[in-house]
Amino acid sequence: SISLLCSGRNKDEMIKCLDSLMTIRRRMSSEIVIVDTGCGPDTKPLLSKYADKIVEFKWCNDFAKARNAGLKECSGEWFMFIDDDEWFENTDALVDFFNSGEYKKYGSAQYIIRNYTDFDGKGYEDAWSQRLMKHVDGLSFHGKIHEYLVPVTGNEAKIKSMIHHYGYVYKDKTGVYKKAQRNIPPLLEMIKAEPNNAQWRAQLIQEYRNIRDFSSMEQISNESLEIIKDIDQRTTNLFRGMFYEGVLIAQINTYRYREAAENIRKFLSDKRNTEKCNVGLCYYAVNAYWGLKSYQNVFIYAQRYLESYSEFSKKEDTTIDDLTFMCGNIFGRYKVLYCISRAVAAGVRCGNISVIKDYFNSFDLEYKDEPIIPFCHGISYAFANYDFDQTFVTIASEMCKHMYLRTLLMDEARKAEKEKPSQFDKLVDVYGMVDNNDDIYLLYLRLIYAFRHDR
C-alpha cells in the first residue's frame, strides 16, 4: 500500500509524484491511497484518476493523525508513505525488492531522499529515510510533526531508489521563518509531553538552526545532553552527535571559538561516540580553530577528517548519510571541500608544502562557495613563501583557466606587489610561466618575467 499525503499546493510537483507512483502501480501488486488534506475542487478529479481510495481529511495541524487516516485504509502486506512534493527518479530497485521476494527477509526499508538546497537542482544532500514498513498489528504514526512509524520490527533494508524533494528551498527568508513558525510550537508541545524523546529534541534543534536562533539552539542542545548523559544505547548515541553539533554550531556562529574548542576536546573523549560522530567533531574543530587562527590544530583536525573520509569512501557511499546523524551529511560536498581548503591553507602556514600535492586534485576548482577563498589563499601563500617548484606552474596554470580563481590569485599578487616585494618576486617567477592572456594583470606579470629573464 502506498499512502500519499496531498494538499495540492504545487500541482506540477503533485503530478510528478503521482506519475512516478504509477510506475510502481503498473508493475507490482499495489494500491494507492491518497489522503486529501485540502486540495481544491479542480484537483480532486485529477486525484481520482490515480487513487484506489481517497480519504478526505480535515487538516488539524497534526501530521500523524493525517497519515494514520491513510494507514487505516491500507490493506497491503507492506506500507509506504510519501508526500505530494516528492517524486521518484526511478522505481526499478523498489519494484525489484518486492517482485523478487527480497522483502520477506525484512521488517522495514529505507530509500534515498535527495533534498535540494537551490531551485537549480545543483545543490543537494542525499539521505536514507525509513519510508517502508511491514504492516504489522498496531502500526501507527507518532508525532504531530516530523512523525515516524512504530513499531519497527525485523531487519531494515536499503533500497537504492531515490526521490526528489525541493521542500527545503525557499525564495527568501520569509519562507524559512514561516515554516519554523509552523513547526516549532508543536515540537515544544511534544517535548513537554515527552521530555525524553530525543527525536523531537533533535528536530527542534534543526528548526532553531534554520532561523539562526543560536541561543535557543544551544539551550535545548545542552538540556538534551544532560538528559542522556548516563545512557549508552545505539539510537541515543546517534542523537548525542546531533546535540553536540547544536552546541558547537551555536558557539561557532556567535564567535565563541575557544569555548567550542574546549567542548570539542570534551566531546571527543566520550567513548560512546560513533565513528561518524567523531568525524563530525573533527569538522567542527577545523571551524573553531580556524576562527582562533590556530593553524597547527586546523591542520591536524582537517587531516583527521579527510583521512576518515577516505576510509569511509572505501566501504560505503559517502554521498548518502543517515538522517539520525548530524544536521546534514557529515561527508557532504561543502564539508569535504571546507576541510580540504583549510588543510591546504593551514598546512602551508605550518611549513608543510606537500599538502598542496596531496589535496590539489581532490578539490573541485569549479566550486564557487566559501571554501574556494581559503584554498586560493593557501596556494598563493605557498607560491609567495616557498622556493620555486615547477609543480607550482602546473597548479597555477590549471587554476588560471577558471576566471573566478584567476581573479582571486591576481588579487593576492596585487597585494604582494604593494606590501611585500620579496613575495611578489616569487609570484612573478610562477605566474610568468603561465601561458594565459585572459587577465590583464596576469599578462603584466608575464611581461615582468620576460623582461627579467631577457625573453
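## Basis of the model

The structure is a predicted model, in which local features need pLDDT of at least 70 and side-chain atom pairs count only at pLDDT 80 or more, while totals for chains, interfaces and linings use all residues. Residues are numbered from 1 along each chain as its sequence is written, and side-chain values use heavy atoms, with hydrogens and water left out.

## Overall architecture

The protein chain contains 18 helices and 11 strands. These elements are DSSP runs numbered from the N terminus, with helices being H or I runs of at least four residues and strands being E runs of at least two. The C-alpha trace spans about 85 × 50 × 45 Å along its principal axes.

Of the 455 residues, 52% count as buried. Buried means under 20% relative accessible area, exposed means over 50%, and partly exposed lies in between, using a 1.4 Å probe and protein chains only. The accessible surface of the chain comes to about 22,100 Å², and 48% of it belongs to carbon and sulfur atoms. Such areas come from the Shrake-Rupley method with a 1.4 Å probe; for residues, only the protein chains shown count as cover. A contact means heavy atoms within 4.5 Å. Among contacts in the chain with a separation of 6 or more, 67% are between residues 24 or more positions apart.

## Nonpolar cores

A nonpolar core is a set of buried Ala, Val, Leu, Ile, Met, Phe, Trp, Tyr and Cys residues joined through side-chain atoms within 4.5 Å. The largest core has 114 residues, and the members that touch the most others are Y305, F375, I379, F383, M399 and Y431. Helix α10 (residues 275-292) supplies the largest share of this core, with 10 residues. A second, separate core holds 34 residues, including I34, I82, F88 and L132.

Apart from its neighbours within four places in sequence, F375 is in contact with I340, S341, V344, F360, F363, L365 and M399.

## Strand pairing

Two strands pair if DSSP finds at least two bridges between them. Strand β7 (residues 124-134) pairs in the antiparallel sense with strand β4 (residues 78-83) over 3 bridges; in this region W78 stands opposite K134 of β7. Strand β6 (residues 108-116) also pairs with β7 in the antiparallel sense, over 9 bridges. Here D126 in β7 is the bridge partner of R114.

## Salt bridges

A salt bridge is a side-chain nitrogen of Lys or Arg within 4 Å of a carboxyl oxygen of Asp or Glu. By this rule the count is 25. One of them joins D92 and R27, whose closest N and O atoms are 2.8 Å apart. D92 lies in helix α4 (residues 92-99) and R27 in the loop between α1 (11-25) and β2 (32-36), so this pair ties together parts that are 65 residues apart in sequence. D92 is partly exposed, at 35% relative accessible area, and R27 is partly exposed at 37%.

D425 and R452 form another salt bridge, with their closest N and O atoms 2.8 Å apart. Because D425 belongs to helix α17 (residues 421-431) and R452 to helix α18, the pair ties together parts that are 27 residues apart in sequence. Salt bridges that share partners also join D36, K44 and E56 into one network. A further pair is D270 and R272, with closest N and O atoms 2.9 Å apart; D270 is buried at 16% relative accessible area, whereas R272 is partly exposed at 21%.

## Backbone and surface features

A cis peptide bond, with omega about 0 degrees, joins V150 and P151. P151 is in the loop between β9 (148-150) and β10 (156-165).

R212, which is not a glycine, has a positive phi of about 60 degrees. R212 lies in the loop between α6 (198-210) and α7 (214-227) and counts as exposed at 52% relative accessibility. Y255 likewise has a positive phi, near 65 degrees; Y255 is in the loop between α8 (234-253) and α9 (257-268) and is exposed at 64%.
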